[in-house]
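Hi everyone, thanks for making time for this. I'd like to walk you through one structure today, so let me put it on the screen.

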Amino acid sequence: MVDVILGLQWGDEGKGKIVDFFAKDYDLIARFQGGPNAGHTLYVGDKKVVLHQIPSGIFHEEKTNLIGNGVVLDAVTLRKECDAVAALGVNYKKNLYISERTHLILPTHRALDKASEQSKGEEKIGSTLKGIGPTYMDKTGRNGLRVGDLLDKNFTTQYIKLRLKHQRLLDNFGFHEDITAWEEEFFEAVEFLRTFKIVNGEYFLNEKLALGQRVLAEGAQGSMLDVDFGTFPFVTSSNTITAGVCSGLGVAPQKIKEVIGITKAYCTRVGGGPFPTELLDETGDYLRNAGNEFGSTTGRPRRCGWIDGIALQFACMINGVTQLVMTKADILDGLDELKVCNGYKIDGEEKNFIPFQMNKVNIEPQYQSLEGWKTDISAISNFESMPPAMKTYIDYLNNLIKVPVKYISNGPGREQIVVV
Ligand code: GDP
Ligand code: IMO
Ligand code: MG
């Protein structure tokens with residue numbers, strides 16, 4: 001069976017930590033979409049690690065990790081990540097596999113990402129500029145190069161052909177930066193990538209399922225950044241939702257069992273685009289500072305706000321979420337009052353759904369106010385010992401979202417998680 005862990009908001013819900021926590025119960029941990037735009041933080045002892053493309057199961061010695069076909073892979077970033085995990089004693093050559101169908105991010109994809117963002121002016125997405133959009137465009141446009149192509153002797157010729165196409169696009173954008181250094185790095189990293197275990201990911205994974213092994217699919221970004229169902233055009237370029245597991249790994253839908261949705265106890269977003277419950281006041285600043293809400297990939301300050309029950313209902317619906325994990329509950333410890341968005345007024349009318357274009361309407365979030373617990377919960381290890389106001393907060397969310405919160409994360413550490 002395959003279980004899925006994914007984010008229900010606009011990313012950075014704490015997926016890295018939670019996948020690392022659950023990985024012990026699985027045989028294979030697989031990333032199914034996204035690329036180095038992701039930054040998944042976890043702690044190994046007191047060492048902080050940020051993974052971008054390597055699945056967050058890599059620190060469990062006996063577990064296999066797979067970068068799936070739905071991912072877009074940057075060889076240069078992968079090499080740096082591998083060095084970082086090797087420094088912590090991980091034998092990635094033994095445990096990490098890459099699907100031959102995974103598309104490669106080329107230096108010109110990064111340049112195109114930058115050129116495209118620059119051309120958007122005020123309407124820019126706030127992309128991480130890792131080349132994600134252009135690489136997925138080459139995939140759907142049937143141009144891209146894949147990891148399996150590295151093993152073809154004509155790889156360099158194929159690369160040069162595609163590079164010429166990209167150059168014409170860059171010329172149209174009026175983009176003239178020198179990317180020679182990026183290309184040198186890329187070709188060095190390509191040599192490194194060739195030494196990996198490059199496999200047919202769909203057979204690799206399904207053969208394990210046939211043997212009764214357990215697979216955990218790790219999402220990147222969040223459901224509200226999904227290219228179909230997110231706040232388009234302020235989204236990423238992949239399907240971040242459960243459906244992406246099927247196409248991003250070659251898994252049949254009936255093989256998927258638990259869908260574990262992660263939400264922060266509040267909400268954040270990095271980059272442009274609508275965010276109805278955003279707080280542009282001192283409470284927003286408080287959440288940013290207390291939660292250390294600065295991007296794991298880009299270092300940008302994250303926008304902060306209250307938890308959004310309407311967006312969570314929507315995310316649970318499209319993902320088929322069976323249980324919730326609430327992270328960063330400890331960040332609310334210092335607040336007297338907590339708010340939960342339980343409705344939207346859209347252009348003055350009560351409408352409790354996610355509209356077609358969030359950025360083209362006026363959304364006034366409606367709130368239920370709840371009492372803060374004003375207790376340091378970071379060392380609490382069982383739910384019974386949680387303060388009553390925290391239990392009320394969880395009850396309120398369970399009733400609103402109609403999916404139970406099964407785990408509460410109360411700190412960044414590996415063991416800081418409480419079963420409800
Ligand atoms: P991801 O992209 O979903 O993996 O999340 P990020 O790693 O980008 O951001 C989550 C941040 O919150 C990281 O710095 C984590 O170390 C941290 N974190 C995760 N869970 C908790 C928690 O329960 N409490 C606190 N205080 N920090 C957490
Ligand atoms: P993790 O996996 C938060 C955002 C960017 C931008 C938009 C498009 O760590 O949760 P892209 O680079 O994909 O073209 O950017 O999506 N974004 C993320 N925000 N967490 C992420 O990943 C993100 N990956 C992309 O900020 O608004
Ligand atoms: Mg992140």
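**Two ligands and what surrounds them**

Let's start with ligand 2, which is surrounded by 20 residues, the closest being Asp12, Lys15, His40, Thr128 and Thr236. Before I go on, please keep in mind that this is a predicted model.

Now for the polar contacts of ligand 2. A polar side-chain atom of His40 lies 2.7 Å from an oxygen atom of ligand 2. Asn37 also brings in a polar side-chain atom, at 2.9 Å from an oxygen atom of the ligand. Then there is Arg300, with a side-chain N or O atom 2.9 Å from an oxygen atom of ligand 2. How much of ligand 2's accessible area does the protein cover? On its own the ligand has 550 Å², and the protein covers 97% of that.

Let's move over to ligand 1. Here 19 residues form the surroundings, and the closest are Lys15, Thr41, Ser296, Asp330 and Ser409. You'll have noticed Lys15 again: it is listed among the closest residues for ligand 1 and for ligand 2. For ligand 1, a backbone N or O atom of Lys15 lies 2.7 Å from an oxygen atom of the ligand. Thr41 uses its side chain, with a polar atom 2.5 Å from a ligand 1 oxygen. Arg302 has an N or O atom in its side chain 3.1 Å from an oxygen atom of ligand 1. Of the 580 Å² of accessible area that ligand 1 has on its own, the protein covers 93%. And where does ligand 1 sit? It is in the second largest pocket.

Which elements each supply at least two residues of the shell around ligand 1? Those are α1, residues 15–22, and β3, residues 40–44. Is α1 mostly covered or mostly open? Mostly covered, with eight of its eight residues buried. Lys15 is one of those buried residues, and so are Phe21 and Phe22 at the other end of the helix.

Next, please turn to the strands. In β5, residues 64–67, Thr64 and Leu66 point one way, while Asn65 and Ile67 point the other way, and all of them are buried. On one pairing, β5 runs parallel to β2, residues 28–31, over four bridges, and Ala30 stands opposite Leu66. β5 also pairs in the parallel sense with β7, residues 96–99, over three bridges. There, Ile67 has Ile98 as its bridge partner.

Last, a few backbone details. Most residues other than glycine have a negative phi, and most peptide bonds are trans. With that in mind, look at the peptide bond from Phe232 to Pro233, which is cis, with omega near 5°. Pro233 is in the loop between β10 (215–218) and α9 (243–249).

Two residues have a positive phi without being glycine. Leu129 is at about 60°, in the loop between α4 (107–120) and α5 (132–140). Lys328 is near 60° as well, and lies in the loop between β15 (323–327) and β16 (337–346).

Definitions and conventions
Residues are numbered from 1 along each chain as its sequence is written. Chains are lettered from A and ligands numbered from 1 in the order in which they are written. This is a predicted model: local features need pLDDT of at least 70, side-chain atom pairs count only at pLDDT 80 or more; totals for chains, interfaces and linings use all residues. Side-chain values use heavy atoms; hydrogens and water are left out. Buried means under 20% relative accessible area, exposed over 50%, partly exposed in between (1.4 Å probe, protein chains only). Two strands pair if DSSP finds at least two bridges between them. A residue is near a molecule or strand if one of its heavy atoms lies within 4 Å of it. A polar contact is a pair of N or O atoms within 3.5 Å; within protein, one must be able to donate a hydrogen and the other to accept it, and residues adjacent in sequence count only if both atoms are side-chain atoms. Accessible areas come from the Shrake-Rupley method with a 1.4 Å probe; for residues, only the protein chains shown count as cover. On a 1 Å grid over the protein atoms alone, a cavity is a set of points where a 1.4 Å probe fits but cannot get out, and a pocket is an open set with protein on both sides within 12 Å along at least five of seven lines; lining residues have an atom within 4 Å of a point. A molecule sits in a cavity or pocket if more than half of its atoms lie within 2 Å of its grid points.
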